[in-house]
Amino acid sequence: MIYFDNVSKSYPDGTVALNGVTLSVKQGEFVSIVGHSGAGKTTLVKLLLGEDSATDGSVSFDSVDIQKVKAHDMPELRRRIGIIFQDFRLLPNKTAYENVAFAMEVAGKTEEEIASDVPHVLELVDLSQKMWNFPRQLSGGELQRVAIARAIVNHPDLIIADEPTGNLDPINTYEIVQILKKINDMGTTVILTTHNKGVVEALGKRVITMDHGKIIRDDSTGKYAL
Amino acid sequence: MLWTTIKRIIKAGFVSFWRNGSVSLSAVFVMIVALFMIASTLIITAFLGTALKDLQDKIDINIYVDAKATESAIMDLKKQLETLPEVKTVEYISRERALDEFRSRHENDHRITQALDEIGDNPLPATLTVKAREPSQYEGISNFLLNKSELSAGSAISIVSKVNYNDNKAAIERLSKLIVGVKKLGGIITAVMVGISILITFNTIRLAIFIARDEIGVMRLVGGSKEYIRGPFVVEGILYGLVASFLTLILFYPITYWLKNTTQVFYGGVDLLHYFVANFVQIFLIIVSSGIALGAVSSYLAVRKYLTSK
């Protein structure tokens, strides 16, 4: 489903973020990418989202070379990927409901679909009570659950969670990971970047370890090896 | 689908305008200043134009006809004058009419009416009032009158007793220059003001959108198309313009009312308030459409900056 073919990324100032990374992820997998800050995890995610382009090599998603996708077709591709960030990145002037609904609106869903799906998804992340709250009225864990609801509402093929638990306490971290696991159990591919040892070990799924822009380990039921 | 999208974009624009209250308020205030500058220079230039045109209409050459001249001789002279290309109109005022007008003008002045009654006879000459197309052409007409011996005062065959152009010459020339000067200056001031206003508005809206740049990034990552992201910002810009132009128009009423007396002293009949009320529809359309255009174009350009990457 996802294929990184000998991908390198360096910046004009000489920093090398990725160095000859080759990696494939199959449909329905749950892959954790671990590594210190600056190991290249976020760069990997950015290339996958088309936010940045590789200096060398190619990144493909469902056999489509992401770097060759035209700007005009990019939104279409992104609607097939749900994304969750460490800093939540919700729209501050929209309620929880509207934040989730926005993802459906851009995908061209009808009002009826939105009215039926949004409350359902918010219920799934246990936020029915706070549907009409603005982001500033929600706690960190709640914000991340809204972000997850937004990421899954369009039934994407892939969920990318970039350090989703970085700003959360252990209880919220546990909840978020359980939700991600549930999503994966329903058949959605999940890519999780983290440097939380507990999270990785509790999952017991495939772990890719990165260091200085290179993959140094790839274990099918791996452990946090740094 | 397109209709649903348009509806969503408009709704999002309104909601964002309302929820970003303080940003909207400051953008509206800046736009009021900008529109006020545009409107006041436009109105003042147009008003001065009208007022000066009124004055221009008051310039004329009066040819006082000798009392002995026959009606047909006067009509001949009138026809001759009308053939000149510079001449717009020639009006004949008979002695009787001149007297009637003089009387009605001074009906409250008993000394004058008494004096007239005492004379018994009509002391006023018949006049031909000549109006030129342009103020600068009076000189030419006056020269024409001087060079024609049968027309010039004092000649044996002349029926003309006096031409009053020379009396008013200095005033007329000064006024012609003033009209041209004011029109030029007005044009330059308007152009500069419009330029400044556009810059101020554009920068304010750019700041407002700069605040929302992270949101734009999020919208893109969630899969929003450029048009769908840009739409609500443009709607918001249009709303800034609409609200600001209505407030500007409301503000103009008391200001022109307050200036009414000052402007009336200078220009007799027409005053600023009267001008504002009489041309309200036109002024309304200019202000509202420039407000909308300013807001929409500024937003469009400001968002574009954050939509250039993939």
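The model is predicted, so local features need pLDDT of at least 70 and side-chain atom pairs count only at pLDDT 80 or more, while totals for chains, interfaces and linings use all residues. Residues are numbered from 1 along each chain as its sequence is written, chains are lettered from A and ligands numbered from 1 in the order in which they are written, and side-chain values use heavy atoms, with hydrogens and water left out.

**Salt bridges**

- Over all chains there are 17 salt bridges (a side-chain nitrogen of Lys or Arg within 4 Å of a carboxyl oxygen of Asp or Glu).
- One of them joins E142(A) to K130(A), at 2.9 Å from N to O. E142(A) lies in helix α5 (residues 140–152) of chain A and K130(A) in the loop between α4 (111–124) and α5, so the pair ties together parts 12 residues apart in sequence. Helices here are DSSP runs of H or I with at least four residues, and strands are runs of E with at least two, numbered from the N terminus.
- E142(A) is buried, at 13% relative accessible area, whereas K130(A) is partly exposed, at 29%. Buried means under 20% relative accessible area, exposed over 50%, and partly exposed in between (1.4 Å probe, protein chains only).
- D65(A) and K68(A) form a salt bridge at 3.8 Å, N to O; K68(A) is exposed, at 68%.
- In chain B, E101(B) meets R97(B) at 3.1 Å, N to O. Both lie in helix α4 (residues 95–105), four residues apart, about one turn of the helix.
- E101(B) is partly exposed, at 32%, and R97(B) is partly exposed, at 32%.

**Surface patches in chain B**

- Patches are made of residues with over 30% relative accessible area and no salt bridge; like charges are joined within 9 Å, and nonpolar side chains (Val, Leu, Ile, Met, Phe, Trp, Tyr) within 5 Å.
- L2(B), W3(B), I6(B), I10(B) and F14(B) make a nonpolar patch of about 540 Å². I10(B) sits in helix α1 (residues 2–19) and is partly exposed, at 39%.
- K53(B), K88(B), R133(B) and K183(B) form a positive patch. R133(B) belongs to the loop between β3 (126–132) and α6 (138–147) and is partly exposed, at 48%.

**Helix α11 of chain B**

- This helix (residues 280–304) has 25 residues and reaches 36 Å from its first C-alpha to its last, close to the 36 Å expected at 1.5 Å a residue. The expected span is 1.5 Å times one less than the number of residues.
- Its buried residues include I283(B), I287(B), L294(B) and V303(B).

Definitions and conventions: Accessible areas come from the Shrake-Rupley method with a 1.4 Å probe; for residues, only the protein chains shown count as cover. Lys and Arg count as positive and Asp and Glu as negative; His and the chain ends are not counted. The place of a charge is taken as NZ of Lys, CZ of Arg, CG of Asp or CD of Glu.
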